[in-house]
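My entries are below, in the order in which I made them.

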Amino acid sequence: ELVTNRDYNADYHVTLGLVYRELGDLTEARRKYRDFLGCAGSPALASLLLAESYARDQRMDEAMKNLEKAAAQGMNVMRAARQFPALAALTKDTQFIRLALRLEAYELEEEREFRDPFTPRGIQTSTW
């Protein structure tokens, strides 16, 4: 009733998607996750939930595509995979490991000199 009365509320859609997930209707759950995204819901969360639902259906290629989308939106997929048992099988996949390692990339603020990011500030390092 809440989704019918307030179709624009993203939280109602994701909640209903989670209910369908628990009932085992993954097709309907995915539809609600997409509705959640269409109502300005979090793209990272929607992609993660879609990935988990595809993994439950053993559709690992689709799961990986959605994990990549989640990671691109800032989701820590390594932590997420530990929280969702259906995604655990992907953690041994080479493509997943590459994806998780890409999360470790970051840029240093521009400074006059480059520094080793693993050396605490204040300790002199050689300049490049």
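**Entry 1: the H3/H4 pair**

I looked up the pair formed by helix H3 (residues 26-38) and helix H4 (residues 43-56), and found that they pack at an angle of about 170° with their axes 9 Å apart. The angle makes H3 roughly antiparallel to H4, a label used for angles over 145 degrees, with under 35 counted as roughly parallel, 65 to 115 as roughly perpendicular and the rest as oblique. Axes here are lines fitted to C-alpha atoms, for helices over the stretch in contact, and the angles run from 0 to 180 degrees between N-to-C directions. Helices are DSSP runs of H or I with at least four residues, strands are runs of E with at least two, and both are numbered from the N terminus.

I then listed the contact (heavy atoms within 4.5 Å). H3 contributes Leu-26, Arg-30, Tyr-33, Arg-34, Phe-36 and Leu-37, while H4 contributes Pro-43, Leu-45, Ala-46, Leu-49, Leu-50, Ser-53, Tyr-54 and Arg-56. By class, these residues divide into 10 nonpolar, 1 polar and 3 charged, where Ala, Val, Leu, Ile, Met, Phe, Trp, Tyr, Cys and Pro count as nonpolar, Asp, Glu, Lys and Arg as charged, and the others, Gly among them, as polar.

I note for the record that the model is predicted, that local features need pLDDT of at least 70 and side-chain atom pairs pLDDT 80 or more, and that totals for chains, interfaces and linings use all residues. Residues are numbered from 1 along each chain as its sequence is written, and side-chain values use heavy atoms, with hydrogens and water left out.

**Entry 2: each helix by itself**

The 13 residues of H3 should span 18 Å at 1.5 Å a residue, and its end C-alpha atoms are 18 Å apart, which agrees; the expected span is 1.5 Å times one less than the number of residues. H4, with 14 residues, reaches 20 Å from its first C-alpha to its last, close to the 20 Å expected.

For burial I used relative accessible area: buried is under 20%, exposed over 50%, and partly exposed in between, with a 1.4 Å probe and protein chains only. In H3 the buried residues are Leu-26, Glu-28, Ala-29, Arg-30, Lys-32, Tyr-33 and Phe-36. H4 is mostly covered, with 11 of its 14 residues buried, and its buried residues pack against H2, H3, helix H5 (60-72) and helix H6 (77-83).

**Entry 3: Tyr-33 and Arg-21**

What does Tyr-33 touch, not counting residues up to four places away in sequence? I found Val-14, Gly-17, Leu-18, Arg-21, Ala-46, Leu-49, Leu-50 and Ser-53. Tyr-33 counts as buried because its relative accessibility is 1%.

Arg-21 lies in helix H2 (residues 10-23) and, at 13% relative accessibility, counts as buried. Leaving aside neighbours within four places in sequence, Arg-21 is in contact with Leu-26, Ala-29, Tyr-33, Glu-52, Arg-56 and Phe-84.

**Entry 4: the whole chain**

Finally I looked up the chain totals, which give 7 helices and 0 strands. Of the 128 residues, 34% count as buried. Among contacts with a separation of 6 or more, 42% join residues 24 or more positions apart.
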